[in-house]
Amino acid sequence: MNYTDNPELNLAYNFIQYTDKNIFLTGKAGTGKTTFLHKLRLHSPKRMVVVAPTGVAAINAGGVTVHSFFQLPFGPILPEDLNPNNPNSRVAQFKFSTVKIKLIKSVDLLVIDEISMVRADMLDAIDAVLRRYKNRLLPFGGVQLLMIGDLFQLSPIVKDDEWNLLKPYYDTWYFFGSRALKESQPVIIELKKIYRQSDELFINMLNSVRNNLVTASLLESLNERYIENFEPRDDEGYIRLTTHNYSANQINSERLTNLETETVVFTAEITGDFPESMYPNFPELALKEGAQVMFNKNDSNFAKRYYNGKIGRITELSDDIIEVTCKDEEPIVVTREIWKNIRYKVNPQTTEINEEELGTFSQYPLKLAWAITIHKSQGLTFDKAIIDAAASFTHGQVYVALSRCKTLEGLVLSSPIGTTSIRTDAVIDIYTEKSATNAPDENLLLQSKVRFQQKLLKELYEFKPISSRLSAVLKVVFENINTLEPNLLLAVQQIEENLKKQLIEIADKFISQLAVLLQQNRMPEENQQVQERVKKSAEYFTPRINLLLIEPIDKLNPDSDNTLVKTQVKNALQKLSKEVFIKHKLMESVAAGFNSVNFIKTKWNADNDFETNEIRKSLAKVSNKPRTESSDNELAKRLKIWKSNKADFEEVNDYMVLTLKSIQELAQRMPETMRELENIKGIGKNKVKRYGSEILDIINTYCHDFKLERKQFELKIENIKKEKEPKTLKEQTEASWLQTAKFYAEGKTIPEIKEIRGLAISTIEGHLAEAVKHEALDVTMLLKQEQLNKLKNFFDQKPDANLNEAKTFFADEFSYFELRMGKYEALKNMETPF
């Protein structure tokens, strides 16, 4: 990534790539912050996790929410709640799975998008979690932070009672009040180049509004865009920005109702886990031909026909076709887009942090667009907009609204803007001014690179982690010497002596010599003397780590008659072996010279390579045993070892990976292809897709080791699915929802049904609503009578109302699931004309 036309973006990328400095990347609206994040995800060599304060922001950023990743509560978090030494503190009670802990330990770069919405106490809670599992002595556990956002736009929502709790500990609720962040002294980079607008006059006006420098003449110029009772033609493509949600919903609902064309409702296709709070669009999208709509996602097609925020009008509409025409352009045939709900997971093969898809939301990327709230317009760009900001209630709202427009000419004010409507926060003004006087430059970048590389080199010659792990081994051996092999203690003590005399003492001397060379304040990568010394050190340390540590540790025998003691010694030895393995790999990596990026990647890979090697060692112990007459038992052992390791990594029971019967049949029949694998009892298409290549690799390796000729694989007739007449959609749906209804009638809860049937919550809710519709379940089993009465009154008065209109009316009082059931019940009791 090279931003030759944007020095600030180039500086930001270099700080991320080549240093460990925390960064606050800010800038006016339209300066490319979001685009930079998307490119960084593709090009950064660091293992990265992206989080955001809200579900919608997380989906847009391609990440997860702050609360879900760090398991934070939504209310204020006081400093005493973050003390890890206090067993009653919140942070001590945070429960993370082993997979999540491994993920946190592997993170190099944490990106927080829309940082302006994050409170100071939330950032300190993140710091507490990272210190707990990374380095407790460093801010944020030594993880690099990239915080993206604009303080002049969205701000945290903090109630008076919440601030009263936080006020004794913080001078401001904004993220920059965080104690940990102050300790880390972040670099603040403000982007200057604006991509959204090109008119200098309009840009200057926006900057003045943003910085609360509005003069009477500027306000007068701005209010020249006020047009009383302005009503654009339908084909002009204006969108109205309002301060409150109810205003936007009311305008859209009225305009849609006024159209005489037929309403078509498109139902979203939701799979897996996709919470309602994160829905990027209506699950039931009601549209009409002639409706003004806005695309709410960038076109995933290579043609890039539309972007998030583009306005158009529906010119053709049917059950399976939506055609949208934007001004002076060819009509666009719109297809469904897919939004993904993800979580992060460490890839066991590559040690990279990968995204795991939890669920999807498929819907047409359109929303009614006669009006939208200023809050929801964040990040969007419009050619023409009518702005109603007279009722702005929080700082930055007017600036956000005005800066959505590309040009001043495309902007119309529905009411004049007064000085009281333009609000800024003095705390933000002071912070911004102070930051501007300490803006980073190339000199600070160079100093940060030097410090970062020096830190990595000192880490290379630091043997304290190995020494600590070895002390732990000595402790458990000494305490249980009577139940262990007699020579084990002597062997461990000999390893400790060799570590001190031939590695630690030499490393300390080398660090002293290196410190003199590092005083030159040049980057170690470019210092020839340093590079030569590093190469020489690799020649010395690499073989000795292998000879004095790896080989003797591998020969240690932890056998004991006491199973618990044996397990304790094995665990301590494994942790020691891992530290030694990583150190050996790092020394090998500098044999040809030191490079910071390669060093970081080697460290990532070594962590995972060690675990992979442990599995291989286990398999090797099985394969090196003499072959018995029952050779299929040897293959079964290999499969059991693989199954156990896979189950541990995925945090599931062994039988969920492979059953014993499946293993026995695999060992007996030894399939060669995916098709043959599907024929094994207990292994369906899903398991073949997830584990097939690994299982076949184990079988093929086994056959190669023992030089076995496979017998011809016979496909079992009973395992081959007979061709059946396809069921009608009605029959398929009916069979499924009846089964769900039966479980619910038996007293099972929705989460219990989810576990039993393996269905998404949204699917189960749909089944239950269908059961109510067909009177297979009494609605009072799902809704209280008070709720039913409210819904019945609404649908009695508005029998043609769709669920979106009901949702707008009731807001968060009812979920879509509850609205759907209420509507079925209300319509069922209405008199019909037949």
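Good morning. The model is a predicted one, in which local features need pLDDT of at least 70 and side-chain atom pairs count only at pLDDT 80 or more, whereas totals for chains, interfaces and linings use all residues. Residues are numbered from 1 along each chain as its sequence is written, and side-chain values use heavy atoms, with hydrogens and water left out.

I begin with the chain as a whole. It holds 30 helices and 20 strands. Helices (H or I, at least four residues) and strands (E, at least two) are DSSP runs, numbered from the N terminus. Of the 834 residues, 49% are buried. Buried means under 20% relative accessible area, exposed means over 50%, and partly exposed lies in between, with a 1.4 Å probe and protein chains only. A contact means heavy atoms within 4.5 Å. Among the contacts with a separation of 6 or more, 71% are between residues 24 or more positions apart.

Let us turn to strand E1, residues 23-27. How many of its five residues are buried? Five of the five are, so E1 is largely enclosed by the rest of the structure. In a regular strand, side chains alternate between the two faces of the sheet. In E1, Ile23, Leu25 and Gly27 lie on one side and Phe24 and Thr26 on the other, and all are buried. Two strands pair if DSSP finds at least two bridges between them. E1 runs parallel to strand E6, residues 187-191, and five bridges join them; here Ile23 stands opposite Val187. E1 also pairs with E5 in the parallel sense, over three bridges, and in that pairing Ile23 stands opposite Leu146.

Next come two open sheets. Strands of a sheet pair through backbone hydrogen bonds, either parallel or antiparallel.

The antiparallel example has five strands in the order E14-E13-E12-E11-E17. Strand E14 (332-334) and strand E17 (366-368) stand at the edges with a single partner strand each, so one side of each has no neighbour in the sheet. Neighbouring strands here are turned by 45 degrees against each other on average, direction ignored. Such angles run from 0 to 180 degrees between N-to-C directions, and the axes are lines fitted to C-alpha atoms, for helices over the stretch in contact. Within this sheet, strand E11 (residues 292-295) and strand E12 (residues 311-317) run antiparallel and are joined by three bridges. Val293 has Gly312 of E12 as its bridge partner.

The parallel example has four strands in the order E18-E7-E19-E20. Its edge strands, E18 (371-373) and E20 (411-413), each pair on one side only. Neighbouring strands of this sheet are turned by 25 degrees against each other on average, direction ignored. Strand E19, residues 385-388, pairs with E20 in the parallel sense over three bridges, and Ile386 has Val412 of E20 as its bridge partner. Helix H12 (residues 245-258) lies across strand E7 (239-242) and E18, and runs at about 165 degrees to E18.

I now come to a pair of helices, H28 (residues 785-797) and H29 (residues 803-810). Their axes come within 12 Å and cross at roughly 125 degrees. H28 and H29 are therefore oblique to each other; angles under 35 degrees count as roughly parallel, over 145 as roughly antiparallel, 65 to 115 as roughly perpendicular and the rest as oblique. The contact is made by Lys790, Leu791, Phe794 and Phe795 of H28, together with Leu803, Glu805, Ala806, Phe809 and Phe810 of H29. These residues divide into seven nonpolar, no polar and two charged. In this grouping, Ala, Val, Leu, Ile, Met, Phe, Trp, Tyr, Cys and Pro count as nonpolar, Asp, Glu, Lys and Arg as charged, and the others, Gly among them, as polar.

Finally, I consider residues with a positive phi. Phe140 is not a glycine, yet has a positive phi of about 55 degrees. It is found in the loop between helix H7 (120-133) and strand E5 (144-148). Is Phe140 buried or exposed? At 0% relative accessibility, Phe140 counts as buried. Lys707, also not a glycine, has a positive phi near 50 degrees and is found in the loop between helix H24 (685-705) and helix H25 (729-745). Lys707 is exposed, with a relative accessible area of 72%. Thank you for your attention.
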